[in-house]
Amino acid sequence: MKFLYAKALGIAALALMPLAANAASTLEQVKQRGSVNCQVGRPEAGTFMLSNDGVWYGRDVAVCRAVAAAVLGDASKVQFQIVAGGARFTSLANGESDLMVRAATNTLKRETQLGLDFTTVNFYDGQGFMVPKSSGIKSALELDGATVCMDPGTTGVANVADYASRNKITIKPLMFQDRQVRLATYLKGGCDAITTDRSGLASDRASFPVPEDHEILPETISKEPLGAFVRQGDSQWRNIVTWVVHAMVTAEEIGLTSKNIDEMKAHPQSTDQSRFMGLEGDLNVGLGLSPEWAYNIIKHVGNYGEVYELYMGKGPEGGPKGMDIPRAGSLNASYRDGGLIFAPPFN
Ligand SMILES: N[C@@H](CCC(=O)N[C@@H](CS)C(=O)NCC(=O)O)C(=O)O
């Protein structure tokens, strides 16, 4: 009986094998489709913004574009997809997107219970609080008894509970999934403070009628390593998304920018530059991409530092204002300057 059962299972497994082997990989699907399906958040300053003529740009959008540049040689070949915050993980797990880049934090639970893999960090954030300056509040520790507006589907909820418990204070959460409602409630005095990742607070503040009237308090109450998620079970695609971000970091480390890369391609300064640009070696082979994959990212999107300055830094000259979050001295500085931005070696 046991044997028969095992045999039946074996046959069933065999019957399933050709199906699995034939299922197109994410890379093949993207190539066939000719575009990358990339889930981002609703337009907000810094991370995922939409220009008046309908072009997406921003810190997280740059990761979508870099993947398209690496895989298809064209950073514009991205279908940007927005789903409500509460559905972001299930939508990706169900196959609607090839990747999701929307200020999502890597956590043990998310990486092990949702059928998803985290790739790598493109921004180290941490949760903070913002209050109206008129409140006179100067520290999060003064929020004892305060009502704080937050998004129910985020890491922020447990962080606030943990922070309150550690500091023996009481914080009353007021949950609104809809960002506009959350911000409107805060602006009308419906809650004493608002909380989310600090870069999210900067972007919330940028949307206020008088940003200077609001203060982000000094305490950072959590670790929020943000980056792209992909579906579990396709390690080639996971490698592609992961190493696309590592390539942006590496380019900065070896002195390649969107502005100088053509000149460097004509006159490489070192063998690591040559290998990176696909002039020698075989770095592309295991990824299943063309030798120009990394060159295309830097040429069409830029290196890590360039993207940071455009969206999290000052912003382009004459263009939209960046979030003005200083990189120097922060976790997002290069490891050479004491930060955590570090790409593993390419060889
Ligand atoms: N890093 C935190 C917070 C992320 C966050 O605030 N996400 C926002 C921006 S994408 C969101 O999804 N809000 C709901 C929405 O935009 O629909 C997390 O991963 O939970």
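The following legends describe close-up views of a predicted model.

**Figure 1. The disulfide between Cys38 and Cys64.** The two sulfur atoms lie 2.1 Å apart. The torsion about the S-S bond of Cys38 and Cys64 is about -65 degrees, so this disulfide is left-handed. The bond links distant parts of the chain, with Cys38 in strand β1 (residues 36-40) and Cys64 in helix α3 (residues 59-72), 26 residues apart. Both Cys38 and Cys64 are buried.

**Figure 2. The disulfide between Cys149 and Cys191.** In this pair the S to S distance is 2.0 Å. A torsion of about -105 degrees about the S-S bond of Cys149 and Cys191 is the reason why this disulfide, too, is described as left-handed. Distant parts of the chain are again linked: Cys149 belongs to strand β8 (residues 146-150), while Cys191 sits in the loop between α7 (179-187) and β10 (193-197), 42 residues apart. Cys149 and Cys191 are both buried. A search of the whole structure finds two disulfides, and with bonded cysteines counted along the chain they follow the pattern 1-2, 3-4.

**Figure 3. Strand β6 and its pairing with strand β12.** Strand β6 spans residues 116-125 and is mostly covered, nine of its ten residues being buried. Strand β12 (residues 224-231) runs antiparallel to β6, and seven bridges join the two.

**Figure 4. The largest cavity and the residues that line it.** A search of the whole structure finds one cavity of 30 Å³ or more. The largest cavity has a volume of about 100 Å³. Its lining consists of Arg59, Ala62, Val63, Asn122, Phe123, Val245, Met248, Tyr304, Val307 and Tyr308. By class, eight of the lining residues are nonpolar, one is polar and one is charged.

**Figure 5. Secondary-structure elements around the largest cavity.** Helix α3, strand β6, α9 (235-253) and α13 (304-312) each supply at least two residues of the lining. Among the lining residues are Asn122 and Phe123, which fall within β6 (residues 116-125).

Methods: Residues are numbered from 1 along each chain as its sequence is written. This is a predicted model: local features need pLDDT of at least 70, side-chain atom pairs count only at pLDDT 80 or more; totals for chains, interfaces and linings use all residues. Side-chain values use heavy atoms; hydrogens and water are left out. A disulfide is a pair of cysteine sulfur atoms within 2.5 Å. Helices (H or I, at least four residues) and strands (E, at least two) are DSSP runs, numbered from the N terminus. Buried means under 20% relative accessible area, exposed over 50%, partly exposed in between (1.4 Å probe, protein chains only). Two strands pair if DSSP finds at least two bridges between them. On a 1 Å grid over the protein atoms alone, a cavity is a set of points where a 1.4 Å probe fits but cannot get out, and a pocket is an open set with protein on both sides within 12 Å along at least five of seven lines; lining residues have an atom within 4 Å of a point. Grid points are joined across faces, edges and corners, and a volume is the space filled by probe spheres set on the points. Ala, Val, Leu, Ile, Met, Phe, Trp, Tyr, Cys and Pro count as nonpolar, Asp, Glu, Lys and Arg as charged, and the others, Gly among them, as polar.
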